[in-house]
Amino acid sequence: MQIILNRIFQPVPLPTLASAALLLLRLIVGAAFVFHGWGKIQTPVSWNPPESPVFIPAFFQFLAAISEFGGGIGCMLGFLTPIASFGIGCTMTVAVYLVSMVFKSPFVNMTGGSSYELPLVYLGIALVFLVLGPGRFSFDKAIFGEQK
């Protein structure tokens, strides 16, 4: 079991510059998700009001709150990065779907209204972290080592 966990959480070896770039990206994106998730984690099963145009069941509200707030912290620390990235990726997939398909917003709204550009960018970044891991400047590397 330990070998499987190590394999899942061990970052791929990357050059120092690439790891530094991932660290900077993790800190920026992680902080954004902590801020986005802060209000949700305060009321994790009721942050989406009943009068909202889209009904989100309490269980999925809870998952979104955990993935945004906890995933943001995990992302910043580079701790359990695959889990944090997967949660953020799932949440952003739903956000892209809701904004683009349900609310019919454009990719970029030139008048400043709703668009699905930002959740799609966050989804892309989550996929980068899922594939590359957090880099060498992370708790994942300190705890689990690097892939060989």
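Mentor: Leu80 sits in the loop between helix 3 and helix 4. This is a predicted model, and in it the phi angle of Leu80 is near 55°, a positive value in a residue other than glycine. Leu80 counts as partly exposed, at 27% relative accessibility.

A second case of this backbone feature is found at Lys104, where phi is near 60°, again positive and again in a residue that is not glycine. Lys104 belongs to the loop between helix 4 and helix 5. With 64% relative accessibility, Lys104 counts as exposed, whereas Leu80 at 27% is partly exposed.

The loop that holds Lys104 also holds Phe107, and the helices on either side of it are helix 4 (81-102) and helix 5 (117-132). Phe107 is partly exposed, its relative accessible area being 40%. Setting aside residues up to four places away in sequence, Phe107 touches Ser115, Tyr116, Glu117 and Leu120. One of these, Glu117, is 10 residues from Phe107 in sequence, and the two C-alpha atoms are 5.1 Å apart in space.

A polar atom of the Ser67 side chain lies 3.1 Å from the backbone oxygen of Ala64. Leaving out neighbours within four places in sequence, the residues in contact with Ser67 are Gly72, Gly87, Ile88 and Thr91.

Glu68 forms a salt bridge with Lys40, and their closest N and O atoms are 3.0 Å apart. Since Lys40 lies in helix 2 (residues 16-42) and Glu68 in helix 3 (residues 58-77), the pair ties together parts that are 28 residues apart in sequence. Both partners fall under the 20% limit for buried residues: Lys40 has 18% relative accessibility, and Glu68 has 6%. A search of the whole structure finds one salt bridge.

Val45 is partly exposed, with a relative accessible area of 46%. Together with Phe59, Phe60, Phe62, Leu63 and Ile66, Val45 makes a nonpolar surface patch of about 560 Å².

Cys75 is buried, with a relative accessible area of 3%, while Cys90 is partly exposed at 36%. The closest cysteine sulfur to that of Cys75 is the one in Cys90, 15 Å away, which is too far for a bond. From the side of Cys90 the closest cysteine sulfur is in Cys75, at 15 Å and too far for a bond. The search of the whole structure accordingly gives zero disulfides.

Key
Residues numbered from 1 in each chain as written. Predicted model: local features only at pLDDT ≥ 70, side-chain atom pairs only at ≥ 80, totals over all residues. Heavy atoms only, no water. Salt bridge = Lys/Arg side-chain N within 4 Å of Asp/Glu carboxyl O. Helix = DSSP H or I, 4+ residues; strand = E, 2+ residues; numbered from the N terminus. Buried < 20%, exposed > 50% of the residue type's maximum accessible area, 1.4 Å probe, protein only. Disulfide = S-S within 2.5 Å. Polar contact = N/O pair within 3.5 Å; in protein donor to acceptor, adjacent residues only side chain to side chain. Contact = heavy atoms within 4.5 Å. Patch = residues over 30% accessible without salt bridge, like charges linked within 9 Å, V, L, I, M, F, W, Y side chains within 5 Å. Areas by Shrake-Rupley, 256 points an atom, 1.4 Å probe, with all protein chains shown as cover.
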